[in-house]
Amino acid sequence: MAEAVGLSTSREVWTALENAFSHRSKAREIHLKDDLQLIKRGTRPVTAYTRAFKALCDQLHAIGRPIDGTDKVHWFLHGLGPDFSSFSTAQMAQTPLPCFPDLVSKAESFELFQKSLESPAPSAAAFTATRGSSLHGGGSSCS
């Protein structure tokens with residue numbers, strides 16, 4: 001604690017420590033906010049993206065720099081990516097904006113809905129075998 005050597009009052013120590021470390025706190029705040037604005041869901045499930053996003057918000061809150069609710073909603077929606085563009089646009093059009101916990105729940109539901117719409121495409125081999133037997137009268141060869 002070289003910053004406190006020679007100081008006699010707790011006020012002097014506090015001021016010296018604040019001066020010594022405040023720039024680091026500001027740098028940490030800026031770094032966390034940058035991470036929060038740049039985080040992307042990518043191929044992760046919404047639940048994993050939400051955990052990472054919330055961890056950054058929690059770190060900012062822990063250093064006394066909580067994120068405004070509107071910014072949190074906006075950055076979360078932005079990070080969901082193009083697969084969620086229609087969802088994000090609809091959420092941003094709401095007045096007032098949904099609160100963060102409600103938004104997370106809606107994003108998880110939207111992800112499940114998207115997955116339910118995906119139907120497995122028939123394989124090319126199955127399509128060829130079915131098509132071949134019906135065109136050639138039950139499998140007879142062509143001459």
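Angles over 145 degrees between helix axes count as roughly antiparallel, and the axes of helix 2 and helix 5 cross at roughly 155°. Helix 2 and helix 5 are therefore roughly antiparallel to each other. The model shown in these views is a predicted one.

**Figure 1. The contact of helix 2 with helix 5.** The axes of the two helices come within 9 Å, and their crossing is right-handed. From helix 2, the residues V46, T47, T50 and F53 take part, and they meet F100, V104, A107, E108 and E111 of helix 5. Sorted by class, this contact holds five nonpolar, two polar and two charged residues.

**Figure 2. Overview of the chain.** The chain contains six helices and zero strands, and along the sequence its pattern reads α-α-α-α-α-α. Of its 143 residues, 24% count as buried. Among contacts between residues at least 6 apart in sequence, 56% join residues at least 24 apart.

**Figure 3. The largest nonpolar core.** In soluble globular proteins, nonpolar side chains tend to be buried together. In the present model, the largest nonpolar core has 22 residues, of which L36, F53, F76, L80 and F87 touch the most other members. At least two residues of this core are supplied by each of helix 1 (10-38), helix 2 (46-62), helix 3 (69-80) and helix 5 (100-117). Helix 2 gives the largest share, six residues.

**Figure 4. The surroundings of F76.** F76 is one of the core residues that touch the most other members. Leaving out residues up to four places away in sequence, F76 touches Y49, T50, F53, F100, L103, V104 and A107. Among these partners, T50 and F53 of helix 2 and F100, V104 and A107 of helix 5 also belong to the contact between those two helices.

**Figure 5. The contact of helix 2 with helix 3.** The axes of helix 2 and helix 3 come within 11 Å and cross at roughly 140°. That angle makes helix 2 oblique to helix 3. The crossing is right-handed. On the side of helix 2, the residues are V46, Y49, T50, F53 and C57, which meet K72, W75, F76, G79 and L80 of helix 3. The residues of this contact divide into seven nonpolar, two polar and one charged.

**Figure 6. The contact of helix 3 with helix 4.** Two packed helices are described by the angle between their axes and the distance between the axes. For helix 3 and helix 4 (residues 85-92), the axes come within 9 Å and cross at roughly 165°. These two helices are therefore roughly antiparallel to each other. Their crossing is left-handed. Helix 3 contributes H74, L77 and L80 to the contact, and helix 4 contributes F87, S88, Q91 and M92. Four of these residues are nonpolar, three are polar and none is charged. L80 and F87 are also among the core residues that touch the most other members.

**Figure 7. R41 in the loop between helix 1 and helix 2.** R41 is found in the loop that lies between helix 1 and helix 2. A residue counts as buried under 20% relative accessible area; R41 is therefore buried, with a value of 7%. Apart from its neighbours within four places in sequence, R41 is in contact with V46, Y49, G79, L80, D83, F84 and E111. The C-alpha atoms of R41 and D83 are separated by 9.9 Å, although the two residues are 42 residues apart along the chain.

**Figure 8. L112 in helix 5.** L112 lies in helix 5. This residue is exposed, with a relative accessible area of 60%. The C-alpha atoms of L112 and P45 are separated by 10.0 Å, while the two residues stand 67 residues apart along the chain.

Figure 9. Most peptide bonds are trans. The bond that joins T95 and P96 is cis, with omega of about -5°. P96 has its place in the loop between helix 4 and helix 5.

Notes. Residues numbered from 1 in each chain as written. Predicted model: local features only at pLDDT ≥ 70, side-chain atom pairs only at ≥ 80, totals over all residues. Heavy atoms only, no water. Core = buried A, V, L, I, M, F, W, Y, C linked by side-chain atoms within 4.5 Å. Buried < 20%, exposed > 50% of the residue type's maximum accessible area, 1.4 Å probe, protein only. Helix = DSSP H or I, 4+ residues; strand = E, 2+ residues; numbered from the N terminus. Contact = heavy atoms within 4.5 Å. Axes fitted to C-alpha atoms, helices over the stretch in contact; angles between N-to-C directions. Parallel < 35°, antiparallel > 145°, perpendicular 65-115°, else oblique. Left-handed = near helix turned anticlockwise from the far one by under 90°. Nonpolar A, V, L, I, M, F, W, Y, C, P; charged D, E, K, R; others polar.
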